[in-house]
Amino acid sequence: MAERYAVGVDFGSESGRAVIVRVSDGAVLGEGVTPYAHVVMDRTLPTEEKLGKEWALQHPQDYLDVFQQAVPAALKASGVFPDDVIGIGIDFTACTMMPTTADGTPLCFLPEYARRPHAWVKLWKHHASQPQADRINALAEGRGEFWLPRYGGKQSSEWFFAKALQILEEDPEMYGASERLIEAADWVVWQLTGVETRNACTAGYKAIHQDGHFPDQGYFAELHPDFADVVQTRMKEDLAPLGGKAGELTPRAAGWTGLKPGTAIAVANVDAHVTLPAAGVTEPGRLVAIMGTSTCHVLLGDTLREVPGMCGVVPGGVVPGLYGYEAGQSGVGDIFAWFVKNGVPPEYHEQAKREGINLHALLEREASTQAPGEHGLVALDWINGNRSVLVDANLSGMILGLTLGTRAPDIYRALIEATAYGTRVIVENFEGSGVPVNEIVISGGLKRNRMLMQIYADVTGRPLSVLDVEQGPAVGSAMHAAVAAGEYPDIFAAAKCMGKVRREAFVPDAKNQRTYDRLYGEYVSLHDYFGRGANEVMHRLKAMRRAD
Ligand SMILES: Nc1ncnc2c1ncn2[C@@H]1O[C@H](COP(=O)(O)OP(=O)(O)O)[C@@H](O)[C@H]1O
Ligand SMILES: O=C(CO)[C@@H](O)[C@@H](O)COP(=O)(O)O
């Protein structure tokens, strides 16, 4: 019998990645990448309308381009015949949500709405809905909503209802025109199948779906009278289970992708959560850090724990039968990108160009010769706010210890160390709340930075295992496609055959660890001083910035 294959498509923050995976063993035979033409719209719309501070939008056409470019490119690179492809699975950043008409047409595609910011896709990192998130949390606390502790005690401005409420309050006409409010993950599945589904993963982690339901109309009505029926009028209450089949590839989408009509399409997934089975992680105690523009920390547990400052816990949110815990850092790769773009003197750019390497590689090489503590810096990793454990998008970055002798590699290393300290806070927060972390597995684009990986091992004091495939989330989605197509009975069986990880790829250096324990103590002092109310200067500065 001919080998069978599955397609996984991972919609990241800056690009869409497609892989062709052999379902018998998880081998990746072909890859394709489509950088988003509009990347992240955080200053203006394509029609030049200016956006406010903390906005982050995307263009739905960029997602369709992935189906029309990256998927055919991966298929071509693999040499696999479409008839041997049994399923397609997708995962997406979340919560990345959009308003559409009843037939799924994005409002921003309609000429009459193209100039309205609230007609566009709100990317996960859209923080302008922080005021709405603050009210969502205050009301939930006041009403004693059972679900609030399931989200660490706070809903983030990055999640669904803060964004939906911002549309209603800032552009009621756009809210009125939005017949559907939907995660981009479910929207792209809709484009492939012609069927509107809502996946249980984003609903659970990003839209407060707990114990089988969304919050009641009374809660939403107290936020805004016109918000009472947001679920009933613009969403769906019957959710599609992970590993389920959302539908089949339509002839139109078959024309885009080069695959055959009728190919099974799996229910959508979140990019971080789908990575666990790709790493063969289907049991408690193994935290997977999906490190890209942001980092998501996803961990399984066999009991329900309320962990302060986590993003969420959902029974069956990652694999059936276990609790899926999520925490995160809203800025990691983005912080390094910001520094490379804005803080590195021209001579480094020129040297990298002369050597034909990227700036990350040059800075990594220059900084890796240092011993921990040599640069004398400690930084806070909040340049894009803090997602866990403080859940506050109005915090900001800081670098302490700068002198006239400080150089770009010093700061690059200090920023990497700061993100490692932030990860250690999250790991210790889980353990302190009764959710064991016995192993850390790294996936995502940042694993290519070996200095970063060694720093994470030294700072956390734990060996790091590595998911070696380049596109971890996409492979996880291909595994869900194999389950949806009936190749495997469940994701556990698929993970056994298709998942792979290189265990203990980086181990802590005892000497470095001792120094980092001291530096981590300094980080925690700054973390608590600026992040837990002792000094509100960061909030005051953000307020001044917003006021201008
Ligand atoms: N060698 C490197 N060291 C550190 N960061 C890197 C390196 N290469 C790329 N990055 C950062 O990784 C991020 C992209 O990660 P990736 O996983 O590819 O994307 P996504 O977050 O969209 O899934 C960017 O923010 C980029 O700045
Ligand atoms: O928040 C989540 C998942 O819960 C991510 O989709 C979001 O942080 C974006 O992840 P990336 O940085 O694009 O990998």
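How much space lies in the largest pocket? About 1100 Å³ of space lies there. The model is predicted, so local features need pLDDT of at least 70, side-chain atom pairs count only at pLDDT 80 or more, totals for chains, interfaces and linings use all residues, and side-chain values use heavy atoms, with hydrogens and water left out. Residues are numbered from 1 along each chain as its sequence is written, while chains are lettered from A and ligands numbered from 1 in the order in which they are written.

**The largest pocket**

Some terms come first. On a 1 Å grid over the protein atoms alone, a pocket is an open set of points where a 1.4 Å probe fits, with protein on both sides within 12 Å along at least five of seven lines. Lining residues have an atom within 4 Å of a point. Grid points are joined across faces, edges and corners, and a volume is the space filled by probe spheres set on the points.

The lining of the largest pocket counts 28 residues. Nearest its centre lie D42, R43, K125, W338 and N384. Helix 11 (333-342) and helix 19 (537-547) each supply at least two lining residues. Helices here are DSSP runs (H or I, at least four residues) and strands are DSSP runs (E, at least two), numbered from the N terminus. Helix 11 gives the largest share of this lining, six residues.

By class, the lining has 10 nonpolar, eight polar and 10 charged residues. Nonpolar covers Ala, Val, Leu, Ile, Met, Phe, Trp, Tyr, Cys and Pro; charged covers Asp, Glu, Lys and Arg; the others, Gly among them, count as polar.

**The second largest pocket**

This pocket holds about 870 Å³ of space. Its lining has 40 residues, with M291, G292, T293, G445 and L446 nearest the centre. Two or more lining residues come from each of strand 2 (15-22), strand 12 (286-291), helix 11 and helix 13 (359-367). Helix 11 gives the most, four residues. The classes are 15 nonpolar, 14 polar and 11 charged.

Which pocket does ligand 2 sit in? Ligand 2 sits in the second largest pocket. A molecule sits in a pocket if more than half of its atoms lie within 2 Å of its grid points.

**The two ligands**

A residue surrounds a ligand if one of its heavy atoms lies within 4 Å of it. Ligand 1 has 17 such residues, and the closest are S13, R17, T293, G333 and R448. Helix 11 gives the largest share of this shell, four residues. The shell has five nonpolar, eight polar and four charged residues.

Ligand 2 is surrounded by 14 residues; S13, K206, T293, S294 and E326 are the closest. Four of them are nonpolar, six polar and four charged.

The table lists polar contacts, meaning pairs of N or O atoms within 3.5 Å.

| Ligand atom | Protein atom | Distance |
|---|---|---|
| Ligand 1, oxygen | S13, backbone N or O | 2.9 Å |
| Ligand 1, oxygen | R17, side-chain N or O | 2.6 Å |
| Ligand 1, oxygen | T293, backbone N or O | 2.7 Å |
| Ligand 2, oxygen | K206, polar side-chain atom | 2.6 Å |
| Ligand 2, oxygen | S294, side-chain N or O | 2.6 Å |
| Ligand 2, oxygen | R387, side-chain N or O | 3.0 Å |

Taken alone, ligand 2 exposes 380 Å², and the protein buries 96% of that. Ligand 1 taken alone exposes 580 Å², of which the protein buries 86%. Accessible areas come from the Shrake-Rupley method with a 1.4 Å probe.

Most residues other than glycine have a negative phi, and most peptide bonds are trans. Where does V39 lie? V39 lies in the loop between strand 3 (28-35) and strand 4 (57-58). Its phi is near 45°, a positive value in a residue other than glycine.

A cis peptide bond joins A94 and C95, with omega about 0°. C95 is placed in the loop between strand 5 (85-92) and strand 6 (97-100).

The peptide bond from S388 to V389 is also cis. Here omega is near 15°. V389 belongs to the loop between strand 16 (378-380) and strand 17 (398-400).

Terms used: Polar contact = N/O pair within 3.5 Å; in protein donor to acceptor, adjacent residues only side chain to side chain.
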